[in-house]
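Work through the exercises below with the coordinates open. Each task is followed by a solution in steps.

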Amino acid sequence: MLLLNNLGALAVLWLAIPMVRAGHFDGVGLAVILLLALSSFEAVQALPLAANHWDKSMAAARELQAVAAARPAVAPPADPQPMPTNPHLAIRGLSFTYPGAQRPAIQELSLDLARGERVAIVGPSGAGKTTLVWLLARFWDCPPGTILLGGQDIRAYAPEDARAALAIVSQHTHLFNATIRENLLLARPTASQAEMEAACRQAHLHDFIRGLPEGYDTWIGEQGVRLSSGERQRLALARAVLQEAPILVLDEATANLDALTGEAVWMALTGVMRDRSTLVITHRLTGLEDMDEIIVLRDGRVAERGRHAELLARGGLYTRMWSQQEILQ
Ligand SMILES: Nc1ncnc2c1ncn2[C@@H]1O[C@H](COP(=O)(O)OP(=O)(O)OP(=O)(O)O)[C@@H](O)[C@H]1O
Ligand SMILES: [Mg+2]
C-alpha cells in the first residue's frame, strides 16, 4: 500500500512537472495535485488492516455463536409458575451425581430455610457444598421434588426466576471488564446511586471506591484484575446485597479477606441477613454461634447437624474442624 502510494505520488510529479514548465498551471497547483494524490490513498489505507481483522472477527463470531447456540443443561418448564415473593426453601432427600462421575456429589440432603433463618453448611473440601449452590442456581437439574421453593418444585419455575430469587456470592466471582458501577448494576439495573452506595457500605467497599480517582466509574479490567481478590469478593458481595433477593447464598464469601476485614464484612452481613434467609457455606468456623442450624457435610452426606454448641459438645467432625482452626489461629 505504501509502495503504491509513493509510486502514485511519483507518477503525478512525473506528469505534472512538465505541465508546470509549460505554464499550464503554477507551482502551488503542483503542490495541491501532489497532496490530492497522496490523500486519495488515505481512504483505502485501512483496507489491508480490515482484511487482517476479518479473520479475528470471524473466529470471535464463531465462538459467540457456539455459546448462543449451546443448550443449557436445564430446560425451562413448558408452563412456568410465577415466583412467590418470599419463598421458603426446602430440600428433601436431594442426591446428585455429576454426569460421568463414579460417586454422588450429594446424597440424601434435606434442609429447611424459612424466612429470616440462617443455615450454615460446613465440611471438608470436595464435600459437595458448591455443588449444592449450582443445583440451587439451576446450572444442573436436580431430581424432581427434591428442591422446593415456596412449596413448589424449583423445576416448575423459569430458571431465570429461580435465579432472581437467590442472590449468590459464588466461590469464583465473575466480574466483567467494565466500570465498578456497571458491574454492580448487573444485579439490579434500576438501582439508584444511593442504593448502590448503601450496598457498598454494607460490603465495606464504599470507602475504597470513594478513594479511587474515578470512583464508581473506575474500570476494573478483565475479570477485575485491577482489584485485589478481597476487593473483588467485596464487590461481589455488594452486588448480591443490591440484588435484594429474598434468599442469600454465600459460598466462602469471606475466604479471601484478612481476619479483620473478614470480621467487619461478616458483621455487616449479619445486618443484611436479618431480613432475608441466608445459606452460608464456609470453612471458617467463626460467627456460626448465631446460626439456626449448622450442617456438616462429608463426601456429600450429612455427617452431623445442629447448633454450634450442640455440635461442639458432640465431639465429632465439627469439633475436630473447630479445634484445628483454633490451633492455626
Ligand atoms: N463439574 C463437575 N463435574 C464432575 N465432578 C465435579 C464437578 N464439580 C465438582 N465435582 C466433584 O464433586 C464433588 C464435590 O465438589 P464441590 O465443588 O461441591 O466441593 P466443595 O464442598 O465445594 O469443596 P471446596 O470446599 O473445595 O470448595 C468433588 O468430588 C468434585 O470433584
Ligand atoms: Mg466449593
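**Exercise 1. The chain as a whole**

Among contacts in the protein chain between residues at least 6 apart in sequence, what percentage join residues at least 24 apart? Then describe the fold content, extent and surface of the chain.

Solution. The model is a predicted one.
- Step 1: contacts. Of the contacts between residues at least 6 apart, 65% join residues at least 24 apart in sequence.
- Step 2: secondary structure. The chain holds 13 helices and 10 strands.
- Step 3: extent. The radius of gyration is 30 Å, whereas a compact globule of 329 residues would have one near 20 Å. The C-alpha trace spans about 110 × 45 × 40 Å along its principal axes.
- Step 4: surface. The accessible surface is about 17,900 Å², and carbon and sulfur atoms account for 58% of it. Buried residues make up 41% of the 329 residues.

**Exercise 2. Packing around Thr131**

Determine whether Thr131 is buried or exposed, and list its contacts beyond four places in sequence.

Solution. 
- Step 1: location. Thr131 is in helix H5.
- Step 2: contacts. With neighbours within four places in sequence left aside, Thr131 touches Phe96, Tyr98, Ala105 and Ile106.
- Step 3: a distance. Thr131 and Ile106 are 25 residues apart along the chain, and their C-alpha atoms are separated by 7.6 Å.

**Exercise 3. The buried face of H8**

Find the buried residues of helix H8 (residues 193-202) and say how they are arranged.

Solution. 
- Step 1: residues. Met196, Ala199 and Cys200 are buried in H8.
- Step 2: arrangement. Seen down the helix axis, the buried residues of H8 fall within an arc of 100 degrees, so they line one face of the helix.
- Step 3: cover. The elements covering these residues include H7, helix H9 (206-210) and helix H10 (229-243).
- Step 4: cysteines. Cys200 has 0% relative accessibility, and Cys142, with 2%, is also buried. A disulfide needs two cysteine sulfur atoms within 2.5 Å, and the count of disulfides is zero.

**Exercise 4. Positive phi values**

Examine the backbone of His204 and Gln223, and state where each residue lies.

Solution. 
- Step 1: expectation. Most residues other than glycine have a negative phi.
- Step 2: His204. Its phi is positive, about 60 degrees, although His204 is not a glycine. At 36% relative accessibility, His204 is partly exposed.
- Step 3: Gln223. Its phi is near 55 degrees, again a positive value in a residue other than glycine. Gln223 is placed in the loop between H9 and H10, and its relative accessible area of 34% makes it partly exposed.

Technical notes: Residues numbered from 1 in each chain as written. Chains lettered and ligands numbered in written order. Predicted model: local features only at pLDDT ≥ 70, side-chain atom pairs only at ≥ 80, totals over all residues. Heavy atoms only, no water. Buried < 20%, exposed > 50% of the residue type's maximum accessible area, 1.4 Å probe, protein only. Helix = DSSP H or I, 4+ residues; strand = E, 2+ residues; numbered from the N terminus. Rg over C-alpha atoms; globule rule 2.2 N^0.38 Å. Contact = heavy atoms within 4.5 Å. Areas by Shrake-Rupley, 256 points an atom, 1.4 Å probe, with all protein chains shown as cover. Arc of directions from axis to C-beta.
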